[in-house]
Amino acid sequence: MIDSLASATDTEVAAAAALAGAEVVRARYGRLHSRVDKGSGDFATDVDLAAEEAILDVIRAARPGDAVHGEEGGRQGAAGAEREWLVDPLCGTLNYASGAQLVAVNVVLRNGPAAVADPFSGEVFLTDGQSARVRSGARGDERPLAPTGDTRLVDVNLDPPFPSAPGFRAVDLLAHPGFVENFRPRVVSTTLALAWVAAGRRAAYVTDGGDLSGSVHFAAGIALCRAAGCVVTGVDGAPVGPGEPGGRGLVAAADAGTHELLMSMIGGRERNSRSGRNSRNGRNG
């Protein structure tokens with residue numbers, strides 16, 4: 001199967017690579033795993049490493065001239081390669097190590113096609129950059145992704161660090177009266193939640209951070225959401241992507257109305273924070 005991918009599209013390479021990693025994750029689920037400490041409470045398991053190697057095997061066979069940047073192995077391949085794949089072999093390592101099945105395998109060609117595989121549902125969410133679909137079942141049945149805010153479920157990443165505080169803190173969003181009136185919070189702790197926004201299973205996903213468009217964790221999910229027609233910005237409302245002046249963190253919403261409502265809650269706190277800082281600066285001056 002790997003050898004036959006040399007003539008496949010980049011979208012199919014992404015899907016095959018993500019599914020190869022997902023197979024490793026699924027096969028080793030429930031076992032005792034060794035851990036590699038990465039500092040600050042973060043760690044990788046032997047499954048992260050094995051899944052990344054399975055993914056790289058597919059990409060190397062199909063696209064030998066491309067570079068690959070894996071979460072565990074860093075950047076590999078020709079230094080001058082024009083194309084680079086971003087790989088997160090097991091997003092939700094802590095979930096997985098604790099026995100929870102809320103994980104994802106993310107593979108994306110930078111600024112190109114992407115795939116997110118769910119090892120336990122057997123689904124793979126994929127995009128060629130123009131359209132987005134989900135493939136499932138033994139026959140590989142496909143259907144287009146159709147985002148909708150009807151579920152009113154919003155996943156909020158509560159993991160540290162919190163670089164936008166005090167202007168934005170996820171816990172404050174959850175406590176906002178408007179949030180509890182309009183939405184129901186969920187904490188999945190994996191970027192599988194981004195695929196769920198694209199698929200209409202979540203109304204939105206919110207996380208703090210820097211520019212996440214080039215992150216091995218987030219790039220595939222962002223590509224899916226954009227191709228599906230979601231509204232994607234930073235928590236500051238700015239565009240997300242290289243060269244953009246803002247775009248810190250991420251708000252991926254199923255539709256413009258959901259995005260506007262969430263930003264009204266986030267933006268109000270940010271304006272108040274800036275006003276407070278300006279007042280303090282004035283007094284100190």
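What is the volume of the second largest pocket? The second largest pocket of this predicted model has a volume of about 300 Å³, where a volume is the space filled by probe spheres set on grid points joined across faces, edges and corners. Residues are numbered from 1 along each chain as its sequence is written, and side-chain values use heavy atoms, with hydrogens and water left out. Because the model is predicted, local features need pLDDT of at least 70 and side-chain atom pairs count only at pLDDT 80 or more, while totals for chains, interfaces and linings use all residues.

**View 1. The second largest pocket and its lining.** A pocket is an open set of points on a 1 Å grid over the protein atoms alone, where a 1.4 Å probe fits, with protein on both sides within 12 Å along at least five of seven lines, and its lining residues have an atom within 4 Å of a point. Of the 17 lining residues, N111, G112, S213, A223 and R226 lie nearest the centre. Helix α7 (residues 219–228) gives the largest share of this lining, five residues; helices are DSSP runs of H or I with at least four residues, and strands are runs of E with at least two, numbered from the N terminus.

**View 2. The largest pocket.** About 930 Å³ of space lies in this pocket, and among its 36 lining residues D42, N157, D159, P160 and H217 are the closest to the centre. At least two lining residues each come from several elements, including β1 (35–39), β5 (84–91) and α3 (93–97).

**View 3. Helix α6 against helix α7.** Helix α6 (residues 192–199) packs with α7 at an angle of about 5°, their axes 8 Å apart; axes are lines fitted to C-alpha atoms, for helices over the stretch in contact, and angles run from 0 to 180 degrees between N-to-C directions. The two helices are therefore roughly parallel, a term for angles under 35 degrees. L194, A195, V197 and A198 of α6 meet G221, I222, L224, C225 and A228 of α7, contact meaning heavy atoms within 4.5 Å.

**View 4. The open sheet of eight strands.** The strand order is β4-β3-β5-β6-β7-β8-β9-β10, with mixed pairing, and two strands pair if DSSP finds at least two bridges between them. β4 (74–76) and β10 (141–144) stand at the edges with a single partner strand each, so one side of each lacks a neighbour in the sheet. Three bridges join β3 (residues 67–70) to the antiparallel β4, and H69 stands opposite R75 in β4.

Terms used: Angles under 35 degrees count as roughly parallel, over 145 as roughly antiparallel, 65 to 115 as roughly perpendicular and the rest as oblique.
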